[in-house]
Amino acid sequence: MSSALASFSQTTQRWLAAKPALLIGLLIIGFWIVIALTVHLWAPYDPLKIVARKLQPPSLQHWLGTDALGRDVLVRTFYGARYSLAIAAAVVFCSVLIGSVLGALSGFFGGWTDSVIMRVVDVTLAFPPVLLAMSIAASLGPGLQNAALAVIVVWWPVYARLMRGQVLDVISRDHIEAARAGGASRFRLLTKHVLPLSWTPTIISATMDFGQVVLLAASLSFIGLGAQPPTPEWGSMISDGAAYFYSWWIAFGPGIAILSLGLGFNFIGDSLRDILDPRQGGR
Amino acid sequence: MRNYVLRRLISFPLLLLGVATFAFLLSHLTQADPLAALVSERQMNNPDVVEATKRRWGLDKSLPEQYLIYVGNLVTGDLGISFRTRRPVLTDIAERLPATLELVIFAMLFGTVSGVGLGVLASRFQGRPIDSAARLFALFGSTVPVFWSGLLLLYILSVKFGVIPGPGRLDARSVAPEFVTGLYTVDALIAGQFSTFLNALHHLLLPAFVLGWSVMGIISRLVRASMLDALGQDYILAARAKGAGERRTLLRHALPNAMIPTLTIIGYSFAYLITGAVLTEAVFAWPGIGSYAVDSARTLDYPAIIGVSLVGASAFLLANLATDVAYAYANPRIKLG
């Protein structure tokens, strides 16, 4: 047991040494996760309370200044991590689940199942993502949950297409034929033989997409369709900053936060691809 | 080949119908009440006003009826009437399309040229600091929120340094050139108003950079990968053996081959541009269909937002079709299934 653990930690160390980008990515994401989980324990100010004069530039008391009402921007940015990370996790999880199940069924059964699912995928992917998400969020009504729902509707087809292609590829291999000849049921064939070999591209792609999902959800809030005031969500904070254009510090923190999450997930995804899928590596 | 193009052309209107159906269903299966956008809060208690408004906008008909009317209207180019502007959506869009086109064209030019440049540079110096710097700069572009970078750059360059004009397509004192194409830069040149041309160009610089930066990453990433692929081929060895210089090897022998896969991504990155244009326009008060979409979404004006989505989706599908056909001509080896 201990030797297994040691070899695991050795492998991990080798990865981290070979891939500085992976380390940086993990540090960035780890930083934001810790902030999101603990901010309520140590934050000096309440993110919703007015704690100083309004529109104060950065100072020692308020490192990123105060917003149009006099709330601390840095504390609000830290609290914003909760919303963005929670939305991104929920959206990616649901999209991967829906997309993978439908994509796997599509590739595995073929025929009209395939046709119906793939036509829905084609039509959904024909829309520019932000416009579709905006239409959905607008018709569902403004709000954080509706914005998340809108992003899921926009996002799942990507994974459906990915999983379908992967299943079609795996299913044509010889060992599947052997399992079929051995009398495996269709259900067993799909769950025990095809799916375990089809996951890798989805995992890589989902990791890379985290940052994009954070960005899309923040875009909806920026437009006014996502989080509503006084929620300290990054997109709506940037929208506040746009309204008070000359107080640049209001939008500064949330923008850096979105950017850093995007970079972090990209670094991790890139390194994961090199490790899990060496054929595609080095690009 | 002709079969392939024909098949794509036939499936195009079907996809459009799917897109229209999807948009229509979505906005009708939800609880958001379009009446709230049409009738003032006080009048909502007045059944006569509510009834009349419903009849006027066709909201009293059954869902299938509304759908048939909608699709029938679409075929004749009627996208409905905006709740907000009370004008035909198609008129609104047509009026604002040139502003978006101008922005997207300049952003595309910037994104493509700099993306290819960065990609070539990165492949030439593979594994060295220049490579990492180029990749990082490109990655920043595809990760940074355009509504944030636009805001911040506008503040720094316009307010702090005054080298970039404020939001909008022209200075307040400039008069729009006579309408020919609707692209201010082109129209100004046609009218021979050189100062207006410079002013329009000046106003385009920052939004086009912000928007173009977002696709630069995708393009440079692929150019780098295909350049590395091409540089490993035998014909590069042959070119070097016969004494071709480094620049000639890169630009004349490797780049044209690397451009074939790049062509596809340039076409597809159109979708990112449409997406980015929506948010860029909102920041720069750019009077295009992007800011129209944002204003419509905010006021739950669903004929307008569906109209914009339809136009966006058609533009996107057309761009993909054009890309695939161009790809087929550029690379006769591939078979299109």
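User: Leaving aside its neighbours within four places in sequence, which residues is Leu222(B) in contact with?

Analyst: This is a predicted model, in which local features need pLDDT of at least 70, side-chain atom pairs count only at pLDDT 80 or more, and totals for chains, interfaces and linings use all residues. Residues are numbered from 1 along each chain as its sequence is written, chains are lettered from A and ligands numbered from 1 in the order in which they are written, and side-chain values use heavy atoms, with hydrogens and water left out. Leu222(B) sits in helix α9 (residues 194-231) of chain B, where helices (H or I, at least four residues) and strands (E, at least two) are DSSP runs numbered from the N terminus. With contact meaning heavy atoms within 4.5 Å, the partners of Leu222(B) beyond four places in sequence are Pro261(B), Thr262(B) and Ile265(B).

User: Is Leu222(B) buried or exposed, or partly exposed?

Analyst: Buried means under 20% relative accessible area, exposed over 50%, and partly exposed in between (1.4 Å probe, protein chains only). The relative accessible area of Leu222(B) is 27%, so Leu222(B) is partly exposed.

User: What secondary structure does chain A have?

Analyst: The C-alpha trace of chain A spans about 75 × 50 × 30 Å along its principal axes. Of the 283 residues in chain A, 52% are buried. The secondary structure of chain A amounts to 11 helices and 0 strands.

User: Which residues have the most contacts inside the largest nonpolar core?

Analyst: A nonpolar core is a set of buried Ala, Val, Leu, Ile, Met, Phe, Trp, Tyr and Cys residues joined through side-chain atoms within 4.5 Å. The largest such core has 119 residues, and those with the most contacts inside it are Trp32(A), Met134(A), Leu220(A) and Trp234(A).

User: Which side chains meet in a salt bridge?

Analyst: A salt bridge is a side-chain nitrogen of Lys or Arg within 4 Å of a carboxyl oxygen of Asp or Glu. Across the interface of chain A and chain B, the rule finds 1 salt bridge. At 2.9 Å, N to O, the side chains that meet are those of Arg221(B) and Asp270(A).

User: Which element gives the largest share of the side of chain A that touches chain B?

Analyst: In total, 46 residues of chain A are in contact with 47 residues of chain B. Elements giving two or more residues to the side of chain A that touches chain B are α4 (111-125), α5 (129-140), α9, α10 and α11 (249-276) of chain A. The largest share, 12 residues, comes from α11(A).

User: Where is the residue that a cis peptide bond joins to Pro229(A)?

Analyst: The cis peptide bond runs between Pro229(A) and Pro230(A), with omega at about 5 degrees. Pro230(A) is found in the loop between α9 (200-223) and α10 (234-243) of chain A.

User: What is the phi of Leu55(A)?

Analyst: Leu55(A) is in the loop between α2 (20-42) and α3 (73-109) of chain A. Although Leu55(A) is not a glycine, its phi is positive, at about 55 degrees.
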